[in-house]
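Please open the structure in your viewer and keep the selection tool at hand. The stops below tell you what to select and what is found there.

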Amino acid sequence: MDWYKMIFDLIDLRSFSNLWYWIALAVMWSTTSHWVLGVPFDLVTRARRRGGEAAQDLQDLVEINSRRIVYIARVAGLWIIASGAFIFSVLAVLGFFYWIEFAQAVFLLLVPMTIVGALSLSTAQQILVQEMEGEDLYRKISRHRIKVQAIGMVSIFVTSLWGMWQNMQVFAIWPH
């Protein structure tokens, strides 16, 4: 029994034809659009409807997470940007110059999440500077969520097109 073959058959490194890649993509965007600034969106809805304790919980969580995001950006922002640039450069060269499909797949997962991260930092800074609360805070978080969902839809669409094109090339449906 060749266990190497069995493992590599189970874990197909051809990402775009692998069901697990698409499941991971869906779970990633579902989770990202539900947890806005580290706060579950159902809490925003509950705070908007009921107020009281739910509104205070939302206010506290948003302030804590916003301060945390801004603090991390201030303390380690330069290192995060430098590391991200290195990782994206490596993935882009491996994926789109050497045509390594796994690097393309990871690149298509990480780039939109980086955009979401930058958008979250911007939103967190605005919330802290303007000391938002109540309806202004609910509206800001809701708008942020809509932007995240739009980025997710575009990301899934682009990734799907790229993945279909890659699969057509590999299976000789569309020659290179």
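Begin by selecting β1 (35-36), α5 (101-130) and α6 (135-170), which are among the elements that cover the buried residues of α2; helices (H or I, at least four residues) and strands (E, at least two) are DSSP runs, numbered from the N terminus. The model is a predicted one, in which local features need pLDDT of at least 70 and side-chain atom pairs count only at pLDDT 80 or more, while totals for chains, interfaces and linings use all residues. Residues are numbered from 1 along each chain as its sequence is written, and side-chain values use heavy atoms, with hydrogens and water left out.

Next, select α2 itself, residues 19-34, whose 16 residues reach 23 Å from the first C-alpha to the last, close to the 22 Å expected at 1.5 Å a residue (that is, 1.5 Å times one less than the number of residues). Within α2, colour Tyr21, Leu25, Met28, Trp29, Thr32 and Ser33, which are its buried residues, where buried means under 20% relative accessible area and exposed over 50%, with partly exposed in between (1.4 Å probe, protein chains only). They cover an arc of only 115° around the axis, which puts them on the same side of α2; the arc is that of the directions from the helix axis to the C-beta atoms. On the other side of α2, you will find Leu19 and Trp20 exposed.

Finally, move to Gly163 in helix α6, which counts as buried because its relative accessibility is 1%. Which residues is Gly163 in contact with, leaving aside its neighbours within four places in sequence? They are Phe16 and Trp22, contact meaning heavy atoms within 4.5 Å. The C-alpha atoms of Gly163 and Phe16 are separated by 5.0 Å, although the two residues are 147 residues apart along the chain.
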